Amino acid sequence: MTPHRGMLPPSRTYDSVAVGDVLPELPIPVTRTLIVATALASRDYQDVHHDPELARERGAKDIFMNILTSNGLVDRYVTGWAGPASVVKAIRIRLGAPNHPGDTMVLSGTVTGKSDADRHVEIAVKGTNSLGAHVTGKVSVQLPGEDR
């Protein structure tokens with residue numbers, strides 16, 4: 001069944017997911033607007049997220065994405081795959097190569113564990129750009145059962 005306009009897509013259920021399942025990749029164009037707007041939205045006013053000249057003075061090649069944006073994009077990636085009935089229980093990430101304007105970050109993920117007791121699914125995530133791994137980590141998400 002195809003969702004109609006205004007309807008939420010179906011959520012994955014715990015029983016429909018297996019360890020080893022690979023999430024579809026999600027390319028995210030890293031624009032100057034994305035970096036600046038999301039830094040401001042998360043109240044991160046550090047100049048390296050909006051002022052190219054000051055970012056270069058501090059050793060970066062240009063402005064770069066903040067960790068709160070990376071965290072939010074990882075959350076969006078996993079919940080976009082899991083569906084609206086999923087509940088993110090934990091996100092643990094580390095940053096690596098910076099996300100600069102003009103690049104693309106590609107998010108990927110793999111189901112690495114399941115907990116039958118509470119229907120938690122563990123997903124290893126990675127976001128890469130032309131410089132290497134921007135973000136790596138794990139997300140724990142609770143999925144609904146078949147009887148929801």
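Predicted model: local features only at pLDDT ≥ 70, side-chain atom pairs only at ≥ 80, totals over all residues.

What pattern does the protein chain follow, read along the sequence? I read off β-α-α-α-β-β-β-β. That goes with three helices and five strands; helices (H or I, at least four residues) and strands (E, at least two) are DSSP runs, numbered from the N terminus.

Residues are numbered from 1 along each chain as its sequence is written, and side-chain values use heavy atoms, with hydrogens and water left out.

**Overall.** I checked the box around the C-alpha atoms, and they fill roughly 55 × 35 × 25 Å along the principal axes. Of the 148 residues in the protein chain, 39% are buried (under 20% relative accessible area; exposed is over 50%, partly exposed in between, with a 1.4 Å probe and protein chains only). I also looked at contacts (heavy atoms within 4.5 Å): among those with a separation of 6 or more, 68% join residues 24 or more positions apart.

**The core.** I found 28 residues in it, and Leu107, Val121 and Ile123 have the most contacts inside. At least two residues each come from β1 (22-30), α3 (67-82), β3 (103-115), β4 (120-129) and β5 (132-142). Helix α3 gives the largest share, six residues. I then followed Leu107 beyond its neighbours within four places in sequence, and its contacts include Leu26, Ile28, Leu73, Tyr77 and Val135.

**Ser70.** I stayed in helix α3 for this residue. Is Ser70 buried or exposed? Ser70 counts as buried because its relative accessibility is 0%. Leaving aside neighbours within four places, I see Ser70 touching Met65, Ile93, Leu95 and His134.

**Two arginines.** Which loop holds Arg43? I placed Arg43 between α1 (32-41) and α2 (52-57). Its phi is near 60°, a positive value in a residue other than glycine. With a relative accessible area of 68%, Arg43 is exposed. Arg119 also has a positive phi, about 60°, although it is not a glycine. I found Arg119 in the loop between β3 and β4, and Arg119 is partly exposed, at 33%.

Notes: Core = buried A, V, L, I, M, F, W, Y, C linked by side-chain atoms within 4.5 Å.
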